[in-house]
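Look at the sequence and the model below.

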Amino acid sequence: MPHVVTGNCNGCRFTDCVLTCPVACFHGDDQRMYIDPIACVDCAACVPACPVQAISESADLSKDQLMWVEINAEKSSSTPVIRTKQTPLAGAEERRAALGF
Amino acid sequence: MNGIGTVDNPLRVAIVGSGPSGFYAAEALLQSEHTTEVDILERLPVPYGLVRYGVAPDHPRLKDVADTYAEIARHPRFSFIGNASFGKDFTLKELADCYHAAILATGAATDRKLGIPGEDIQGCHAATSFVGWYNGHPDYRDLEFDFSSESVIIIGQGNVAIDVCRILAKSVDELRKTDIAAHALEALAESRIREIHLIGRRGPVQARFTTKELRELGQLSECDPFVDPDHLLLGDTCKSELNDVREPARPRNFEIFRSFASRRQEKRKCCRIHFLLSPREARGRLRLEELVLERTRLVGPAGRQQAVGAGQMVSIKAGLMIRSVGYSGSPLDGVPFDEKLGTIPNKDGRAEVTSPAGFPVYVTGWIKRGPTGIIGTNRADSMATVATLLADLPSFGAQPKPGREASVALLAQRSARSVSFQNWETIDQAEKARGLPLGKPREKFTRISEMLAASSA
């Protein structure tokens with residue numbers, strides 16, 4: 001069961017996750033990050049790295065988050081690999097505070 | 001400007017240790033804007049450190065990270081120099097002659113002891129020995145573990161403890177198709193273990209298992225996990241720790257413990273997860289017979305609760321005990337060392353090395369920050385260390401350094417037969433070929449002499 005980036009990444013895109021990925025499985029666009037489910041080795045190193053707890057193992061997703069499995073798979077195939085930290089989106093800190101982290 | 005990092009005077013860096021942190025440091029250096037040559041010097045003839053010798057054989061996906069390292073190794077300005085041991089085959093002074101800077105990435109290979117009477121009697125082992133043994137590490141190749149007793153105790157509740165537990169709990173058929181060492185598979189086939197005790201000083205909320213590994217313990221084909229339901233009755237401080245939004249794994253793990261507490265034993269083996277117990281004395285005449293433990297209680301504020309003895313003693317009978325209660329790095333000749341933390345003192349990855357004067361030395365991975373985090377954690381750590389190194393670059397001695405030609409020549413003088421990455425690929429192919437008829441991803445060579453023989457086959 002691969003890991004997936006869920007909704008909390010929207011509006012943040014902090015990208016601390018990409019630094020900890022041992023296999024370069026993070027992809028991204030202007031909006032958010034995605035995990036390539038084929039490349040992910042399920043090590044979970046990215047989970048504590050995310051300041052807004054956006055990353056979960058598929059098995060831990062709630063019902064309303066299950067859609068992210070497919071979105072991650074689909075989007076990661078059409079977006080570039082991101083290996084270095086990017087500038088978070090404008091308003092990321094506000095969103096982080098609003099999410100309670 | 002000293003002109004280092006250009007085609008005329010490439011930045012030449014030696015990295016000591018070829019585990020994850022060493023390879024990620026190499027990656028960060030090779031991706032920098034400076035022209036850099038990187039040599040990884042490794043004590044063994046084979047690369048990848050704990051990816052090869054720490055990751056459990058039944059976690060093959062995790063071992064795939066080695067493919068990423070092989071890709072780094074194919075960079076034209078990278079070299080692997082295996083079978084070259086720091087302090088024995090080369091010194092810091094010699095690295096200073098050959099390179100502009102060194103990065104130490106030697107890890108934390110030593111087990112901490114329990115510090116209780118009797119812990120050295122036969123049947124008591126360190127997890128590093130057991131893990132090294134089943135993974136075919138040459139240093140642990142000739143150890144012997146006795147699986148003739150029905151009961152075994154594992155001290156510690158981290159991911160290494162759980163790996164050890166799983167290897168003991170699985171049937172030989174479940175392990176047969178992994179890259180577990182042949183000698184381990186053979187010995188485990190004779191195992192009479194029925195009951196595995198996994199001991200933690202603190203409670204279910206503080207246990208450091210990752211959810212994934214804990215869940216896996218509940219899915220073994222021959223072993224049922226159990227938790228005493230009484231240990232899941234929490235006081236107010238534990239409840240507030242459980243509901244800490246910064247620690248989302250805690251409630252997930254707690255749910256899993258709850259499911260373990262309501263299990264009935266149906267399988268041949270069982271794993272009892274004990275909380276609030278601290279080992280006090282290992283007893284036995286010729287070998288371990290029982291472990292005496294003291295019940296503990298938690299004191300202190302939420303997030304910083306400590307286990308203290310509560311006075312009541314209990315005894316668990318067992319013929320084998322494996323401890324996994326923390327790891328420590330080993331000191332390196334000429335490099336300051338913090339005995340208490342088991343790390344090399346550093347500031348943002350820069351070590352305070354005074355001799356040879358002016359030689360910049362850096363650290364990364366477990367020898368830098370202690371044994372925390374998992375494989376990927378080291379990538380961020382190594383990138384940070386390399387950022388420090390590159391920021392220091394203007395202060396490096398401007399003189400060009402000879403790099404690998406000189407270091408390989410030096411090793412040849414010492415009659416140490418160094419192993420190149422190409423040599424390793426030959427060993428790798430040979431191991432895979434040996435594994436093929438057995439249905440294993442590889443059958444590792446477990447002696448240095450065998451590795452060297454295979455490297456030039």
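## Strand β8 of chain B

Strand β8 (residues 195-199) of chain B is largely enclosed by the rest of the structure, because four of its five residues are buried. Buried means that 20 or more other C-beta atoms, placed from the backbone, lie within 10 Å of the residue's own. Strands are DSSP runs of E with at least two residues, helices are runs of H or I with at least four, and both are numbered from the N terminus.

This is a predicted model: local features need pLDDT of at least 70, side-chain atom pairs count only at pLDDT 80 or more, and totals for chains, interfaces and linings use all residues. Residues are numbered from 1 along each chain as its sequence is written, while chains are lettered from A and ligands numbered from 1 in the order in which they are written.

## Its partners

Strand β7 (residues 151-155) of chain B runs parallel to β8(B), joined by five bridges. Pairing takes at least two DSSP bridges between two strands. B:S151 has B:E195 as its bridge partner. Strand β10 (residues 269-274) of chain B also pairs with β8(B) in the parallel sense, over five bridges. Here B:I196 stands opposite B:C271.

## Helix α6 of chain B

Seven of the eight residues of helix α6 (residues 127-134) of chain B are buried. Among them are B:F130, B:W133 and B:Y134. After α6(B) comes B:G136, with a positive phi near 75°.

## Two domains

Chain B splits into domain 1 (11-109 + 328-419) and domain 2 (113-234 + 259-299 + 306-322). These bounds come from an automatic or database domain assignment. The C-alpha centres of the two domains lie 33 Å apart.

Definitions and conventions. A residue is buried if 20 or more other C-beta atoms lie within 10 Å of its own, exposed if 12 or fewer, and partly exposed in between; C-beta atoms are placed from the backbone.
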